[in-house]
Every structure is written in C-alpha cells, then in structure tokens.
Amino acid sequence: MSAENNIIILCENIKALRIKNNLSKKEMAQKIGIGIKSLTAIESGILPRSVNATTLYKIHKEFGISIENLLESRIA
C-alpha cells in the first residue's frame with residue numbers, strides 16, 4: 001500500500017474514531033494533543049505536521065487501537 005493511501009486511511013480513521021466516540025472536534029483535538037484547525041484538516045484528508053508519532057501513540061492509548069490498524073485498515 002502506498003504512503004498516500006495510508007495517509008487517507010489514517011485521516012478517515014481519526015474522523016471515524018471521533019464520531020464513534022461521540023466527541024466534538026474540540027474534545028477529540030484535546031485528547032490527541034492537536035489544535036482544532038489541525039483536526040479539521042485531518043478530517044478533510046490533509047495530514048498536517050502536528051500529527052506525528054506522539055499523536056499516533058496518544059490515539060493508540062486513548063482508543064485502544066493499534067498503530068498498524070490506524071494506518072492500514074479502515075475502522076469505520
């Protein structure tokens with residue numbers, strides 16, 4: 001799978017986790033340590049620089065999903 005496809009999947013998965021857990025954008029952004037503007041970009045399919053390994057680790061811990069699944073499998 002290409003890196004571009006992984007980014008698309010990651011963006012879709014972050015949005016799906018927010019919706020599945022009934023979180024507002026503000027709540028989700030706080031949980032994963034990024035700004036609302038960055039989260040909005042993610043949900044539009046753009047991966048900002050603020051999303052890094054630390055962010056992925058926070059998502060993994062907060063939502064109990066492996067980093068591999070975040071990047072490679074659609075969870076929605």
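Helices H1 and H3 pack at an angle of about 115°, and their axes are 8 Å apart. Axes here are lines fitted to C-alpha atoms, for helices over the stretch in contact, and angles run from 0 to 180 degrees between N-to-C directions. Helices themselves are DSSP runs (H or I, at least four residues), numbered from the N terminus. H1 and H3 are therefore roughly perpendicular to each other, a label used for angles of 65 to 115 degrees. On the H1 side, the contact (heavy atoms within 4.5 Å) is made by Cys11, Ile14, Lys15 and Arg18, and on the H3 side by Leu39, Ile42 and Glu43. By class, that makes four nonpolar, no polar and three charged residues. Ala, Val, Leu, Ile, Met, Phe, Trp, Tyr, Cys and Pro count as nonpolar, Asp, Glu, Lys and Arg as charged, and the others, Gly among them, as polar.

A word on what you are looking at: this is a predicted model, in which local features need pLDDT of at least 70 and side-chain atom pairs count only at pLDDT 80 or more, while totals for chains, interfaces and linings use all residues. Residues are numbered from 1 along each chain as its sequence is written, and side-chain values use heavy atoms, leaving out hydrogens and water.

Let's stay with Glu43 of helix H3. Is Glu43 buried or exposed? Glu43 is buried, with a relative accessible area of 15%; buried means under 20%, exposed over 50% and partly exposed in between, using a 1.4 Å probe and protein chains only. The side chains of Glu43 and Arg18 are joined by a polar contact of 2.5 Å. Such a contact is a pair of N or O atoms within 3.5 Å; within protein, one must be able to donate a hydrogen and the other to accept it, and residues adjacent in sequence count only if both atoms are side-chain atoms.

Glu43 also takes part in the packing of H2 (residues 25–32) against H3 (residues 36–43), where the angle is about 105° and the axes are 9 Å apart. Here Lys25, Lys26, Met28 and Ala29 of H2 meet Ile36, Leu39, Thr40 and Glu43 of H3.

Now move along to helix H4 (residues 53–63), whose buried residues are Thr55, Leu56, Ile59 and Phe63. They cover an arc of only 100° around the axis, which puts them on the same side of H4; the arc is that of the directions from the helix axis to the C-beta atoms. On the other side of H4, Ala53 and Lys61 are exposed.

How values were computed:
Helices (H or I, at least four residues) and strands (E, at least two) are DSSP runs, numbered from the N terminus. Angles under 35 degrees count as roughly parallel, over 145 as roughly antiparallel, 65 to 115 as roughly perpendicular and the rest as oblique.
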